[in-house]
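Subject: Structure for your files

Hello,

Here is the structure you asked about, with the sequence alongside. My notes on it follow below.

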Amino acid sequence: MKNYFARSQYFMSVVTIFGTLVSIAIADDKLMAEEIVAKHLDSIGTKQKWAEIKNRLIVGRAQFLNLHPTAGGTSGKCVFVSEPDKLFFGSSFTSPNYPFEKVSFDGDKVNIAFVTTGSRSAFGNFILAHKEIFSSGLFTGSLSSSWSLLDLKSNKAKVKFAGKKKIDGHEVYILDYSPNRGTDLTIKLYFDAETYRHVRTEYSQTLSAAQGAKPEDSSRQLESRHQLTEDFFGFSEENGLTMPHSYTIRLVLSGQNATNEYEWKFGMSLFMFNQKLDPGSYDVN
């Protein structure tokens, strides 16, 4: 009996210690995430400079490539307009099959233009299914005045430290991101471990295989995997803010019968701040 109580006390001590270690680890992860966000914002500019800039108008060149199946591409121009709670993302191309891309969040709802009569692009359809990418202030990262990390407290998003890895030979910190209203996406933010600049956002989704008519049919079904990736590079200063001047989006849609892969490349050349914006700046029609 004496040995039984001794073992019980030992077991409870181990459980207590383990619980304490888990609590410390969770607290450390929270502090690590908060520190990364704070250093990231400092890497862009001072709080005073952030407060001075009410809106941004960014113009540049755009290129679209249909990577898989290979079907060529097209080039044109891009324009991004943003305020603390609004974003317009637009590009125009020379292709009659893909003349433009226009998506916006006007502070109330996400608007996605049809690129041809009754049809949206693969990108537009992906955003239609995951509007929180725009409404939560994630899309275009620190290029936008609506960048979610500028005010996590107000938008009630959550970030959690998720470790380190290397991208193109550079070590990065990873944060898991959860928007206030939830999402069926896994969202990860990547920050350069030396500069704390935001260099990538990944939005991933895995859809379970469809149920076949027969058991043997179900075994042949495959999962569908969708991933949208934003990459940011070419950082330099514009009006006191250090911002990326090159920006790439890649969308991979992998399903039962095929994989489609698309890429958009943007080079920003003109940054304008505190402009008198037209009331229709967020209209996609």
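The largest nonpolar core of this predicted model has 57 residues. Those with the most contacts inside this core are Ile127, Phe134, Phe139, Leu228, Tyr247, Trp264 and Phe266. Strand S12, residues 259–273, gives the most to the core, with six residues. There is also a second, separate core of six residues, which includes Leu57, Phe88, Ala113 and Tyr282. In soluble globular proteins, nonpolar side chains tend to be buried together.

Ile127 belongs to helix H3, which runs over residues 122–129. Which residues of H3 are buried? They are Phe123, Gly124, Phe126 and Ile127. Viewed down the helix axis, the buried residues of H3 fall within an arc of 160 degrees, so they line one face of the helix.

Ser121 is in the loop between strand S5 (110–112) and H3. Is Ser121 buried or exposed? Its relative accessible area is 10%, and the cut-off for buried is under 20%, so Ser121 counts as buried. Apart from neighbours within four places in sequence, Ser121 is in contact with Tyr98, Glu101 and Val115. Asn97 is 24 residues from Ser121 in sequence, and their C-alpha atoms are 9.8 Å apart.

Next, the largest pocket. About 820 Å³ of space lies in it, and 34 residues line it. Phe105, Ser135, Ser136, Gly137 and Asn155 lie nearest the centre of this pocket. Helix H4 (132–135) supplies at least two residues of the lining, as do helix H2 (47–52), strand S3 (86–93) and helix H5 (152–155). The largest share, three residues, comes from H4.

Some totals for the chain as a whole:

- The protein chain has six helices and 12 strands.
- Of its 285 residues, 42% count as buried.
- The chain exposes about 15,700 Å², of which carbon and sulfur atoms supply 52%.
- Among contacts with a separation of 6 or more, 50% are between residues 24 or more positions apart.

Regards

How values were computed
Residues are numbered from 1 along each chain as its sequence is written. This is a predicted model: local features need pLDDT of at least 70, side-chain atom pairs count only at pLDDT 80 or more; totals for chains, interfaces and linings use all residues. Side-chain values use heavy atoms; hydrogens and water are left out. Buried means under 20% relative accessible area, exposed over 50%, partly exposed in between (1.4 Å probe, protein chains only). Helices (H or I, at least four residues) and strands (E, at least two) are DSSP runs, numbered from the N terminus. The arc is that of the directions from the helix axis to the C-beta atoms. A nonpolar core is a set of buried Ala, Val, Leu, Ile, Met, Phe, Trp, Tyr and Cys residues joined through side-chain atoms within 4.5 Å. Contact means heavy atoms within 4.5 Å. Accessible areas come from the Shrake-Rupley method with a 1.4 Å probe; for residues, only the protein chains shown count as cover. On a 1 Å grid over the protein atoms alone, a cavity is a set of points where a 1.4 Å probe fits but cannot get out, and a pocket is an open set with protein on both sides within 12 Å along at least five of seven lines; lining residues have an atom within 4 Å of a point. Grid points are joined across faces, edges and corners, and a volume is the space filled by probe spheres set on the points.
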